[in-house]
Amino acid sequence: MTETGVVLLSGGLDSFVSIEASRGICDIKLALTFDYGQRALDDEILASGEIARFYKIEHRIIKLPFLSEITKNALTDDKKNLDFSKLDNDSAKAVWVPNRNGLFLNIAASYADSYGFDYIIIGANKEEAQTFPDNGEEFLSRAAALFEYSTLKKPQVLAPLKGMEKFEIINFAVKNDVPLEYLKSCYNSKGQTGMKHCGKCESCKRLRAAILKSVNKDLLKLFF
């Protein structure tokens, strides 16, 4: 019997490529996109919806209004600056959402428990684990251990990109013909059209740097 999974899908690079990287491990049945008042919400819903349709995965939007009430930073506030000169712990704090991945994983665990999914797929990666602790292997293993007690299904947390840098994720996507034209990986995309990215926010800077280091530098023309 084929094992099944639920994926946390923002429409960004990591969650998108995690779907492709999970094929052969499990059959993803459900994609969850979260609305917590982020300024890029409309584009995230558009991109994640297109990705889910491409992979023929059911797609649901989970509203978390309370999270927007307690998140006071540039990720949710249009008036705050998202133009970062460098990527470090300070830039990470500027877009930190309280317990975001912990909350998202717990919600996905509820769906896994209810529908009998074996895996929860998250786009955690090696590069962002250096500044975002909720991308690291210790966090992921502790989350999985929690579900051994909080669920009957005991789903595993699957982070197929956890050992990869961003440029390696792009190389994997190119090698496996992942349709990156569906991607939207910009925190500052409210009001923009198409798949163009702002090029200034932390996510854009990481994407640009990764493309420049990847096997296909021409992707810059697609996003910037």
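**Figure 1. Lys166 is a buried residue of this predicted model.** The relative accessible area of Lys166 is 6%. Because buried means under 20% relative accessible area, Lys166 falls in that class. Lys166 belongs to helix α8, which covers residues 166–175. Leaving aside residues up to four places away in sequence, Lys166 is in contact with Leu13, Asp14, Asn125, Glu127, Glu128, Arg206 and Ala210.

**Figure 2. An open sheet is built from five strands.** The strand order is β3-β2-β1-β4-β5, and the pairing is parallel. The edge positions are taken by β3 (58–63) and β5 (156–158). Each of these two has a single partner strand, so one side of each is left without a neighbour in the sheet. On average, neighbouring strands of this sheet are turned by 25 degrees against each other, direction ignored. As background, strands of a sheet pair through backbone hydrogen bonds, either parallel or antiparallel.

**Figure 3. Strands β2 and β3 pair in the parallel sense, over six bridges.** Strand β2 spans residues 27–35. Asp35 stands opposite Lys63, a residue of β3. Helix α2 (residues 41–54) packs on the sheet and touches both β2 and β3. The direction of α2 makes about 160 degrees with that of β3.

**Figure 4. Gly49 is a buried residue of helix α2.** The relative accessible area of Gly49 is 6%. Gly49 and Leu32 lie 17 residues apart along the chain, and their C-alpha atoms are separated by 9.9 Å.

**Figure 5. Helices α5 and α7 cross at roughly 40 degrees.** Helix α5 comprises residues 100–115 and helix α7 residues 137–150. Their axes come within 11 Å. The angle makes α5 oblique to α7. The crossing of α5 and α7 is right-handed. In general, two packed helices are described by the angle between their axes and the distance between the axes.

**Figure 6. Residues in the contact of α5 with α7.** From α5, the contact takes in Asn101, Gly102, Leu105, Asn106, Ala109 and Asp113. From α7, the contributors are Phe139, Ala143, Leu146, Phe147 and Ser150. By residue class, the contact of α5 with α7 has six nonpolar, four polar and one charged.

How values were computed: Residues numbered from 1 in each chain as written. Predicted model: local features only at pLDDT ≥ 70, side-chain atom pairs only at ≥ 80, totals over all residues. Heavy atoms only, no water. Helix = DSSP H or I, 4+ residues; strand = E, 2+ residues; numbered from the N terminus. Buried < 20%, exposed > 50% of the residue type's maximum accessible area, 1.4 Å probe, protein only. Contact = heavy atoms within 4.5 Å. Pairing = 2+ DSSP bridges. Axes fitted to C-alpha atoms, helices over the stretch in contact; angles between N-to-C directions. Parallel < 35°, antiparallel > 145°, perpendicular 65-115°, else oblique. Left-handed = near helix turned anticlockwise from the far one by under 90°. Nonpolar A, V, L, I, M, F, W, Y, C, P; charged D, E, K, R; others polar.
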